[in-house]
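Thanks for coming. Please have the sequence and the structure open while I talk.

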Amino acid sequence: MNNIALITGATSGIGLATAMKFAENDYSIIITGRRKDRLDSLEKELKKEYNVKVLSLCFDVRSLSEVTHNLGNLDDEWKGIDVLVNNAGLAVGLSHIQNGVIDDWERMIDTNIKGLLYVTRVISPGMAERGRGHIINIASIAGKEAYENGNVYCATKHAVDALSRSMRIDLVSKGVKVSNVAPGLVETEFSDVRFKGDRAKAEAPYKGMKPLTGEDIADVVYYCASVPAHVNINDVTVMPASQATATIVHREQ
Ligand code: NDP
Ligand code: 8X3
């Protein structure tokens with residue numbers, strides 16, 4: 001039987017590339033997201049391109065009942081998840097704390113922290129019972145540093161970073177690995193979401209530099225999952241070569 005990978009937020013960017021990478025390596029794949037049309041076309045593509053089994057589940061990670069309904073009663077064929085990639089997440093808005101939009105804050109906290117926790121709470125008991133499994137959390141350079149206007153997004157990614165460390169402690173005796181992958185600038189739909197569809201603002205972070213791609217991060221995630229059983233990659237920070245910190249980026253004029 002093939003190994004099984006569950007990737008949240010597989011309808012675009014890092015999650016989509018990660019689903020492709022695991023499928024290329026013969027995993028059966030569970031893909032999730034809120035956009036059903038995207039899930040349907042990705043399912044078709046994965047099956048056609050890699051001839052693997054695919055289960056697509058359309059739900060919002062912010063809803064505990066949707067998470068439980070979709071992931072809590074998987075068929076026997078899909079229950080034995082080997083790798084969980086907690087990727088679904090977003091930044092919404094970019095403003096000083098005193099001007100913050102409360103609804104943006106709620107969306108980031110509910111998705112990036114609570115959504116990740118809900119999925120983990122449903123999937124990790126099975127891994128612990130089976131005495132094997134691997135949880136790979138997609139954090140961010142925003143979980144390593146704070147930057148101007150990043151406040152709540154940075155806080156959510158610092159929370160992911162802390163959860164990765166804490167989960168590793170809780171699960172170490174159960175044979176379950178936990179890895180934290182913290183990317184810098186990756187060109188996906190992330191910036192469109194952050195700037196609420198304002199294209200000019202969304203493109204600005206990538207001007208004059210070569211950002212990472214979803215595929216670059218997928219390679220790192222797959223590497224974490226493919227090291228020998230006695231090895232764990234605890235934490236990887238991956239940056240474009242032209243980015244030194246969250247805010248220092250070398251740009252060609
Ligand atoms: P994208 O916007 O391209 O992808 C985000 C994915 O998350 C989509 O598949 C989206 O699916 C899913 N998602 C968002 N909210 C929800 C929700 N409430 N329920 C279910 N799924 C949801 O961005 P990226 O690929 O760049 O982002 C992936 C992860 O990487 C995020 O956690 C992000 O914080 C992190 N990251 C991104 C960086 C970057 O520069 N791009 C850098 C560092 C970290 P749908 O809309 O269909 O629900
Ligand atoms: C996304 C990268 O630098 O916009 O997590 O916070 S950054």
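**Two ligands and a few residues**

I start with ligand 1. It is surrounded by 29 residues, and the closest are T11, S12, R34, Y153 and T188. A residue belongs to such a shell if one of its heavy atoms lies within 4 Å of the molecule. Helix 1 (13-24) and helix 6 (151-171) each give at least two residues to the shell around ligand 1. Helices (H or I, at least four residues) and strands (E, at least two) are DSSP runs, numbered from the N terminus.

Before going on, the ground rules. This is a predicted model, in which local features need pLDDT of at least 70 and side-chain atom pairs count only at pLDDT 80 or more, while totals for chains, interfaces and linings use all residues. Residues are numbered from 1 along each chain as its sequence is written, chains are lettered from A and ligands numbered from 1 in the order in which they are written, and side-chain values use heavy atoms, with hydrogens and water left out.

Back to ligand 1 and the protein backbone. An oxygen atom of ligand 1 lies 2.9 Å from a backbone N or O atom of V186. For G184, a backbone N or O atom is 3.4 Å from an oxygen atom of ligand 1. A polar backbone atom of E189 is 3.2 Å from an oxygen atom of ligand 1. Taken alone, ligand 1 exposes 880 Å², and the protein buries 96% of that. Those areas come from the Shrake-Rupley method with a 1.4 Å probe.

Now ligand 2. Which residues surround ligand 2? They are S140, I141, A142, Y147, Y153, G184, F190 and R194. Here the polar atoms are on side chains: one of S140 lies 2.5 Å from an oxygen atom of ligand 2, and one of Y153 lies 2.6 Å from an oxygen atom of ligand 2. In Y147, a side-chain N or O atom is 2.5 Å from an oxygen atom of ligand 2. Ligand 2 taken alone exposes 240 Å², of which the protein buries 89%.

Next, N137, which lies in strand 5 (residues 133-138). Is N137 buried or exposed? N137 counts as buried because its relative accessibility is 0%; buried means under 20%, exposed over 50%, and partly exposed in between (1.4 Å probe, protein chains only). The side chains of N137 and S164 are joined by a polar contact of 3.0 Å. A polar contact is a pair of N or O atoms within 3.5 Å; within protein, one must be able to donate a hydrogen and the other to accept it, and residues adjacent in sequence count only if both atoms are side-chain atoms.

Leaving aside neighbours within four places in sequence, N137 is in contact (heavy atoms within 4.5 Å) with several residues, including N86, L116 and V160. L116 lies in helix 5 (residues 102-130) and counts as buried because its relative accessibility is 6%.

Most residues other than glycine have a negative phi. D26, in the loop between helix 1 and strand 2 (28-33), has a positive phi near 70°. At 47% relative accessibility, D26 counts as partly exposed. K196 has a positive phi of about 50° and lies in the loop between helix 7 (190-194) and helix 8 (199-203). K196 counts as exposed, at 51% relative accessibility.
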